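Please look at the structure below and follow how its parts meet. The text starts inside one chain and then turns to the pairing of two chains.

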Amino acid sequence: MSGAENRGAGHALVGTGAMVRLILRRDRAVLPIWVLLIAVMPAAFVASFEGLFPTEADRLRYARTSGTSPTFLALYGPLHGTDPGALAAQRAGFIPVIVALVCALTVIRHTRVEEETGRRELLGATVLGRGAGLAAALLVAMGASAVLGALTAAAMAAGGVSAAGAVALGLQFTMAGWVFAAAAAVAAQVTEGAGAARGLSVAALGAAFAVRMAADAGGRGNGLQWLSWLSPLGWGTRLAPFGDERWWVLLLGAALVAVLVAAAGMLSGRRDVGAGILPPSLGPAEAPVSLSGPFGLAWRLHSRPLYGWLAGFAALGVVFGGVADGVGDLVKDNPGLEEIVTRLGGRTAITDAYFASATGLLGVFAAGYAVSAVLRMRAEEASLRAEPVLAAAVGRLRWQAAHLVFPLLGPAAALAVAGTAAGLVHGLDSGDAGGWVPRVAGAALAQLPAVWTVAAAAVALVGLAPRAAAASWGGYAAVVVISLFGPTLRMDQWVRDVSPFDHVPELPGGEFTAAPLVWLAAAAAVLTAAGMGGFRRRDLSPG
Amino acid sequence: MTQHSTLPIEVSGLVKTFGRTRALDGLDLTVRAGEVHGFLGPNGAGKSTAIRILLGLLRADGGTARLLGGDPWKDATRLHRRLAYVPGDVTLWPNLSGGEVIDLLGRMRGGLDRRRRDELLERFELDPRKKGRAYSKGNRQKVGLVAALASDADLLVLDEPTSGLDPLMEEVFQECVREERDRGRTVLLSSHILSEVEALCDRVTIIRKGRAVETGTLAELRHLTRTSIDAELAAPPDGLRDLPGAHGLRVDGRRVRCEVDTAALDEVLRRLTSVGVRSLTSRPPTLEELFLRHYQDERPREAVR
């Protein structure tokens, strides 16, 4: 008996090598693309900063903003120096979130999704240990982040910045990838469906990001800085690449990865293929009255993800609002900046500018929700679940309308929630809730036409080129890159014009012009009509 | 024309291409009111493509299709109130229970017989409270079947509906289809389970490579086929080689085995008895042989006619 148990651990991993090869083969296009794209970014930032700010004085001037502006600090983390490497490292502060997200989704795609589709069973009947699938998915995701870290460091060091800093930044990316790959591995054991596992992983990542934002937004020495020790993403900034690199922080990451991987392995040994640790619950034997048509069905399919996003937006709003008050304090400590700010219109003006960029960011996130909601409709079609519905007395337009209510109204709700929360928290801090709530909520809602335009492009793809619908994420990624990095990388105006968010007026504080919003809404309407019309005329297309 | 509009399904010359593949190549299919019509063909013959066109999920590239007197593409929503469909691979929403899916599909078709629903759940031994992802393949099929059979439809379109069902449930399914026919409903049953077709269908259309190669009642189809003959004669025969209508002739001493076209049966037997028959076994063609003849590539289609 004990002999069998001893062999058990080894047996569980039989076939891992074959599974790794299978995953690499299936991901042979997407894996190198994201690794390379992300790995060259920091080096591109270095080159860009050297071009933009050739002298130390130029860089100091930039560092004074980027090292103190709460938006920069919240989004990217602290600035550890003034050389091009340090500036680039801060600007790359959002990249660990992307690496973490991609790694988590990769692990879930090759574990839970495989089980859900039954492909895992097909393989499980061959000579394959029960832990092999999980081990292989982890190996690929972690291997990819390791390669990504190494390439990042090599590319930056080749650009002539400090080698130690380059290595630390690369390791920061790798650590984020490893931690969230391991976290996703646990999530994939606990829940029963891939959707729930994804939701759990993204929620964990969102929480880690929110905690890091709260810790860093107030700048060096603020009362909340200790929070960053609670977030694996915060450890990355505490590693301080291009500052006084604290290598020992990596041990924290390694320890967490070891704990998570061990937990995932243990949980996977205790459950059946296809089942979760949480037992499946029974549903009602009969449908409630609300579930009588395409709209009722769409509500059942979209409501849970929507609630998750709304909760995330509420949390983001609270963080954004809570940080806003520190903006004025930063100015107080900096006489030079205060003078400029006063000339610009005083304390309110700098808070306005902060909220303008914060709401812009909310808009970009909301567009991510909108694209995912549009693609949920496509997933219904690709998985053939749309067929019995459309073979009932449900027209194509009505079926689409039921799904598209969510990318249309979901972002409105999310932006209203986040804007109201931000305005309320800052309003309570500054004693003018009545003024700030409509100001910030209005600014957030002004992003809507741009969000709709991104979503409508996805609708058009689904309707006109269904098999290319996933390219909507490519378009969304382009919008994210342009919005987050466009100014830093000094992209040409015509490139920046591609992003609908570049056309939204700066609010609050800026001049409100309705024209661009009307144009964006019109573009969204035209794209949506083209997509819906295309879907009505074409064959249903399985995935 | 008026007579035509009473046909629940009337398809002629239907063409559908996917890229270079010609999935349907001039398909003809006629289903009469009140009959159970078997729609037979090997995998990839175009059965599901034809059904998806009839349901307005795909658009035909050529030919005409009429469904319940309307155009399956333009009048889809109106027509779908009068039909129920079960796909060969029922996919369910992971977070909806089977009971919820049955009710939802029934309501979207415009009505569901509650008593019949509960009775069917019992007969198919299906637990309606399980979530979609917890059902096995066979149980997912049952969800689709209960939803379709409990609905108030004139026409049932069943696309290999029993894949994954065990023999007991197959039996329940056959009972249910017979009841549907007795109520005057029309059924289009696509299948490649021959016993199921033999047990249920009034008429059959065999489709191969996107085209109907045979259509008629089972008796008519049998008439077109061959009877196997195995005879022991009084003496070694000669002159059998040029027998019209005898195929696969094997002469082994005094033993003769061959397959005979029904039309040539008289003539062949006359020749055999002229030599003297010591023993004779003859076997009517099975449906299986009928299909195999249509499915197998080697045999030229002309031989069938």
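In this predicted model, the centres of domain 1 and domain 2 of chain A, taken over C-alpha atoms, are separated by 25 Å. The domain assignment places domain 1 at residues 15-278 and domain 2 at 293-543. Where the two meet, 19 residues of domain 1 of chain A are in contact with 18 residues of domain 2 of chain A. About 1,800 Å² is buried between these domains, and carbon and sulfur atoms give 80% of that area. On the domain 1 side, A:Leu52, A:Pro70 and A:Thr71 lose the most area to domain 2, together 25% of what that side buries.

Helix 3 (30-52), helix 5 (70-76) and helix 12 (194-217) of chain A each give two or more residues to the domain 1 side. Helix 3 of chain A gives the most, with six residues. By class, the domain 1 side has 13 nonpolar, four polar and two charged residues.

Now turn to the two chains. Here 36 residues of chain B are in contact with 39 residues of chain A. The chains bury about 3,300 Å² between them, 55% of it on carbon and sulfur atoms. In chain B, B:Leu57, B:Trp93 and B:Met108 lose the most area to chain A, together 20% of what that side buries.

Between chain B and chain A there are four salt bridges. A:Glu387 and B:Arg52 meet in a salt bridge through their side chains, at 2.6 Å from N to O.

Definitions and conventions
Residues numbered from 1 in each chain as written. Chains lettered and ligands numbered in written order. Predicted model: local features only at pLDDT ≥ 70, side-chain atom pairs only at ≥ 80, totals over all residues. Heavy atoms only, no water. Contact = heavy atoms within 4.5 Å. Buried area = accessible area lost by both parts, 1.4 Å probe. Domains from an automatic or database assignment. Helix = DSSP H or I, 4+ residues; strand = E, 2+ residues; numbered from the N terminus. Nonpolar A, V, L, I, M, F, W, Y, C, P; charged D, E, K, R; others polar.
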